[in-house]
Amino acid sequence: MAVIFSGIQPSGNLTLGNYLGALRNFTKMQEQNECYYCVVNQHAITVHQDPALLHRRTRELAAIYLAAGLDPEKAALFVQSEVPQHAQLGWIMTTLSYVGELERMTQYKDKAAKQGDSIPAGLLTYPPLMAADILLYQTNFVPVGDDQKQHLEITRDLAQRFNRLYQEEVFTIPEIYLGQGGTRVMSLQEPTKKMSKSDDNTMATIYVLDAPKDIEKKIKRAQTDSENSVHYDAETKPGIANLMDIYAAVTDTDHAAVEREFSGQGYGQFKKSVAAAVIAALEPIQKRYAELIDNPVLDAILDQGAVKARETASRTYDKVVQVMGL
Ligand code: ADP
Ligand code: NA
C-alpha cells in the first residue's frame, strides 16, 4: 500500500483543469492506498485573501472533493492550517532551501511578475511549504497536474538534502503521479496558457460549478482557428487541441479517437459535443455538492480528517526535531 498526498488551494473557484488534472485522480487512488487530501489554505495566503471569502472557499473546496467521489472513510480530507506541523516543517524546509533555486521556479516568476515592486516573500517560499506538506506523510505518490513537476522536483531535492545532511532516512522520496496523459487544460481564451482559478477572465475558465448554459457559452466562444477541421496539432492549433484534450478526458478516450469521431465535421458541431460531454461529466458532482455544502456533516468530516493527519504528521515531525537537535 502506497501513501498518497495532494492539495488544492482555496484561492478561487475550482476549475475543470483542477478536476481533470488532479481531483479526478484522487478518488481513483483512494481504493488501494493510504490517502491524505488537503485544502491548502496557507498556500492561498501567499497572496492576500479576503477572510470571509477564504473561509467560504475552503468549505466549498472540501465539499467539491467529496462531491467528486472522495470517501472520508477511505481518505483523510483536512484543512492545512488545522495541522500545525505543516507550517513547522515548512520553516525547516525553508532553512534548507537556496534563494537561487527558489527564484528559478517558473510559478514564482509568473506570480511575482504580477506583483509590481512589493513581491510577498511567501510566493518565494511556497515550494518549501509544499515540500513539508508532502514529506510529513512519508508520501510515495503525489497526484498533481503537470504544471507542478518543478515543485515536485524541489521537494525531492529537499528530502534528499535533509536525509544526507542528517545521515538518516527520515523522509521517503516522493514521486509525481500524472494519471492518464498528464492532462493540462488550457485557457479557453489564450490556449497557450493554463486554465487557472486565479484567471480574472471568467470566459477563459470552466468552473466545476458552472451552470450548463455558461459552459455552452464559454465553449462556443472558445478561441480556435480558421481551418474548421478537427485535427490535433498543439503547436499551430492550440485552441482545438485543448478542446480535443478536454473531450478525450471527460469521455475517457484519446485524441486520435476524437479526430476520427469528428472527421468531416466543423467546429460548431464539435463545440456542441464538447459542451454536452463536459456538462454530463460535471452534473453528478454539482448535484452532490448542493446536498453537502450546508450540511454539518462536512465539518465533522474535516475534523476527523485533521485528527488522522495530525497523528501521521506528528510522527514525522517528532523524528525531524529529534535528528536536528531542536
Ligand atoms: P490553480 O493553478 O488553478 O490555482 P492549484 O495551484 O491550486 O490550481 O492546483 C491544484 C491542482 O490542480 C494541482 O494538482 C495542479 O497541478 C492542478 N491543475 C491546476 N491547473 C490545471 C490545469 N489547467 N490543467 C491540469 N491540472 C491543473
Ligand atoms: Na496555482
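Guide: Let us start with I219, which touches K271, V274 and A275 when residues up to four places away in sequence are not counted; two residues are in contact if their C-beta atoms, placed from the backbone, lie within 7 Å. This is a predicted model, in which local features need pLDDT of at least 70 and side-chain atom pairs count only at pLDDT 80 or more, while totals for chains, interfaces and linings use all residues. Residues are numbered from 1 along each chain as its sequence is written, and chains are lettered from A and ligands numbered from 1 in the order in which they are written.

Visitor: Why is I219 called buried?

Guide: A residue is buried if 20 or more other C-beta atoms lie within 10 Å of its own, exposed if 12 or fewer, and partly exposed in between, with C-beta atoms placed from the backbone. I219 has 23 such atoms within 10 Å, and therefore counts as buried. Across the protein chain, 42% of the 326 residues count as buried.

Visitor: How do you know that the radius of gyration of the protein chain agrees with that of a compact globule?

Guide: The radius is taken over C-alpha atoms, and the globule rule is 2.2 Å times the number of residues to the power 0.38. For 326 residues a compact globule would have a radius near 20 Å, and the protein chain has 20 Å, so the two agree.

Visitor: What makes up the shell around ligand 1 by residue class?

Guide: The shell divides into 6 nonpolar, 11 polar and 4 charged residues, where Ala, Val, Leu, Ile, Met, Phe, Trp, Tyr, Cys and Pro count as nonpolar, Asp, Glu, Lys and Arg as charged, and the others, Gly among them, as polar. In all, 21 residues surround ligand 1, the closest being G17, G21, A22, V144 and G145, and a residue is near a molecule if its C-beta atom, placed from the backbone, lies within 6 Å of it.
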